[in-house]
Amino acid sequence: MPGTVQSIERAAAILRMLAGGPGHVGLAEIARSLDLAKGTVHGILRTLQGVGFVEQDRSSGHYQLGAALLHLGTSYLDINELRSRSINWADPLAARSGEAVRIGTVLEGKVLVVHHVFRPDDTFQTLDIGTLLPLHATALGKVLLAYRVAPGPVPPLERFTRRTVDSPAQLATDLAGVRDAGWAADIEEHTVGQAAIASPIRGYGGLVVGAIGVSGLVERLCDTRYRPLPRLVGYVRDAARAISRDLGAAR
């Protein structure tokens, strides 16, 4: 049997590093981590960049996964599979948090809610499965935007409340914060009196393929200074990690 192709192995190692890293990674760091010459790494990165699998930040020169690769990552996992793999973790999250749970992915520039667990009480609630939500004004949407599950330009930033972010510059800053923290929040940005917390669901190779989150009244999800409760953030992140493991994400 013929041996493996070394250049493809190296390209795969670079992609895995970018998928599992903090976001933007420099050429020197990649070369050092993989014990490869900078020239070799640069040549592979240029090739990956040419096919859209890698993007380079113009200001820093650092690299991140490209939109073309992220689109492949979301297309291999259809909506039904995302929903079926997530169901086992959504119910326990609702029970632990005492709040409604929604799981979403991107469809035509919106967040498509693929699964919804009601808040575990006797209040009247409406099923949200199939609902389309804005990307920029929801916790689920911010997660999907931050990790580039929605390639291409961001749709116009419609204003829903006085707290909705409608500035592209501010949104970019907020999304960088989401990537740093590993979770997103929406505090009265889509609906007055409502808040939400969400975290990314990763598939094979670490690519983000969806998001899971809790939603409810601001006074239940946040403290008196409008900060999401760390306890709830922890519950959401734990559920997201568990689903990600089921989908083949290494960590």
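Trainee: Where is arginine 119 placed?

Mentor: Arginine 119 sits in the loop between S4 and strand S5 (132-133). Keep in mind as we go that this is a predicted model.

Trainee: Is arginine 119 buried or exposed?

Mentor: Arginine 119 is buried, because its relative accessible area is 15% and buried means under 20%.

Trainee: And which residues does arginine 119 touch?

Mentor: Not counting residues up to four places away in sequence, arginine 119 touches Gly98, Glu99, Ala100, Gln125 and Arg220.

Trainee: Okay, switching to helix H7. What span should its 14 residues have at 1.5 Å a residue, and what does the model give?

Mentor: Helix H7 covers residues 168-181 and should span 20 Å. The C-alpha atoms at its ends are 20 Å apart, which agrees.

Trainee: Which residues of H7 are buried?

Mentor: Those are Leu171, Leu175 and Val178. Looking down the axis of H7, the buried residues fall within an arc of 50°, so they line one face of the helix. On the other side of H7, Ala169, Thr173 and Asp180 are exposed.

Trainee: What covers the buried residues of H7?

Mentor: The cover includes helix H6 (139-146) and strand S6 (184-187).

Trainee: How do S6 and S7 pair?

Mentor: They are antiparallel, over 4 bridges. Alanine 185 has isoleucine 197 in S7 as its bridge partner. The hairpin has 6 residues between the strands, and glutamate 188 in it takes a positive phi near 60°.

Trainee: Last topic, the largest nonpolar core. Which of its 27 residues touch the most other members?

Mentor: Leu93, Val101, Ile201 and Ile212 do. Several elements each supply at least two residues of this core, including helix H5 (79-97), strand S3 (100-107) and strand S8 (208-217). H9 gives the most, with 7 residues.

Trainee: What is isoleucine 201 in contact with?

Mentor: Leaving aside neighbours within four places in sequence, the contacts of isoleucine 201 include Leu82, Ile103, Ile212, Ile243 and Leu247.

Trainee: And which residues belong to the other core?

Mentor: That one lies apart and has 21 residues, among them Val113, Val143, Tyr147 and Ala184.

How values were computed: Residues are numbered from 1 along each chain as its sequence is written. This is a predicted model: local features need pLDDT of at least 70, side-chain atom pairs count only at pLDDT 80 or more; totals for chains, interfaces and linings use all residues. Side-chain values use heavy atoms; hydrogens and water are left out. A nonpolar core is a set of buried Ala, Val, Leu, Ile, Met, Phe, Trp, Tyr and Cys residues joined through side-chain atoms within 4.5 Å. Buried means under 20% relative accessible area, exposed over 50%, partly exposed in between (1.4 Å probe, protein chains only). Contact means heavy atoms within 4.5 Å. The expected span of a helix is 1.5 Å times one less than its number of residues. The arc is that of the directions from the helix axis to the C-beta atoms. Two strands pair if DSSP finds at least two bridges between them.
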